[in-house]
Amino acid sequence: MSEKDFIHGGDIYTEGLLKGRALIDFSSNINPKGVPESFKKHINEGFQMIERYPDIKYRSLKKDLIYYNEKYFNLKLRSEDIVLGNGASEIIDMILSYLKTVVLPVPSFSEYGLSIEKWGGNVIYSKLNEDMDYDYLDILEKLKEADGLVMGNPNNPNGGVIEEEKFISILDYCENNGKIVVIDEAFIEMNGYDGSLITLIENYKSLFIIRALTKFFGVPGIRMGYGITRNKKVLKYIIERQNPWNINSFAELCTHYVLYDEEYIKDSIKWVEEEREYFTGELSKIPIIDKVYKTRANYCLCKLKDMKDEELYNYCLDKGVLIRRASNFKGLDNKYVRFAIKSRELNNILLNILKDIPNKKVLEK
Ligand SMILES: Cc1ncc(COP(=O)(O)O)c(C=O)c1O
């Protein structure tokens, strides 16, 4: 497999589906509860919807997002604060095309750097510290030379969240100096709906929040994401460049049911809290693992002791399990891997595989 091939998790195709092989996928960070029943039950409504174009203004879809953000994030959005995207990825790409020089803490989701470069922008890196926390002072310093910043909340691949007290001076600085702060909250629900910075949009026009249904509602194939800001100039810039009808009818339908699915939401929060504690606790007892980084998401970054990421990847693949090598995240090397957090049963399968690996020096010198 080439370096380029594993830029994302979830390449269940190359080693799995295309070879007719059933793999357990620990590389992609999707809610293992799967597609909510509330959507599945109503999927037939989608067949009527696809007979016509979606509402070009997506009025009903925006109402659903407004309801959800008020109920779970205490923010009364206005429909003009929302821009819709074909997954969070479209929004990430659009907002990053707006910026010329961007401060990018690393490691972080590879698409940020790729988008900035694709649009001819410049990246100024800020390394996370040894515990994989943001270096807020370094970010602030580097912003002097940039017109924007992008941060994950929680961040991928480590799952760390932004500390609001430390972050606020960055936001104040950006607000007062006409810079844009992009916060990717694609995984925020995994933190039990805590720690979102979304209410700050009321006072900060510099703030741009990205969300998606993808991860928490287990629907990566639906491609439904959105951006939120009170910055009219930024919204206008993105909307003018988007294709019409970028959200398909099934994504509209899905949003309409899953955002109201209180049972799915409640069960998912319970699952992620319990399993995160169990899984990270067990991982930290495993001899081949040197460090388990603290996480508030549904995945966890680990540093290996004497093994390369590729060796562990191949070892697990032999046992039918796909993991995420993390060496292609900027700022990491071949000692890092990322595991998704799944159901107890599946987590135990991976834990048992890892426990059985003897802790011997296999790192080629
Ligand atoms: C931090 C982060 N943001 C956004 C995305 C992309 O989300 P979507 O599938 O909704 O485009 C990913 C996908 O892995 C991600 O890890």
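## Val-83 in strand E2

Val-83 is buried, with 24 other C-beta atoms within 10 Å. Buried takes 20 or more such atoms within 10 Å of a residue's own, exposed takes 12 or fewer, and partly exposed lies in between, with C-beta atoms placed from the backbone. The residue sits in strand E2 (residues 82-85). Helices (H or I, at least four residues) and strands (E, at least two) are DSSP runs, numbered from the N terminus.

Leaving aside neighbours within four places in sequence, Val-83 is in contact with Ile-91, Tyr-226, Gly-227, Leu-235, Ile-238 and Ile-239. Contact means that the C-beta atoms of two residues, placed from the backbone, lie within 7 Å.

## Model and confidence

This is a predicted model; local features need pLDDT of at least 70, side-chain atom pairs count only at pLDDT 80 or more, and totals for chains, interfaces and linings use all residues. Residues are numbered from 1 along each chain as its sequence is written.

The protein chain averages a pLDDT of 94, and 93% of the residues score at least 70. pLDDT is the predictor's confidence in each residue, from 0 to 100. Over residues 361-365 it stays under 50. Where pLDDT is low, the predicted coordinates should not be read in detail.

## Helix H5

Eight of the ten residues of helix H5 (residues 88-97) are buried, so this helix is largely enclosed by the rest of the structure. The buried residues include Ala-88, Glu-90, Ile-91 and Asp-93.

## Helices H7 and H8

Helix H7 (residues 136-143) packs with helix H8 (residues 164-176) at an angle of about 10°, and their axes are 9 Å apart. Axes are lines fitted to C-alpha atoms, for helices over the stretch in contact, and angles run from 0 to 180 degrees between N-to-C directions. H7 and H8 are therefore roughly parallel. Angles under 35 degrees count as roughly parallel, over 145 as roughly antiparallel, 65 to 115 as roughly perpendicular and the rest as oblique.

From H7, Tyr-136, Ile-139, Leu-140 and Leu-143 take part. Their partners in H8 include Phe-167, Ile-170 and Tyr-173.

## Ligand shell and Pro-220

Residues around the ligand include Gly-87, Ala-88, Phe-109, Asp-184 and Pro-220.

Pro-220 is found in the loop between strand E7 (207-212) and strand E8 (225-228). Pro-220 is partly exposed, with 16 other C-beta atoms within 10 Å. Beyond four places in sequence, Pro-220 is in contact with Ile-30 and Thr-214.

Terms used. A residue is near a molecule or strand if its C-beta atom, placed from the backbone, lies within 6 Å of it.
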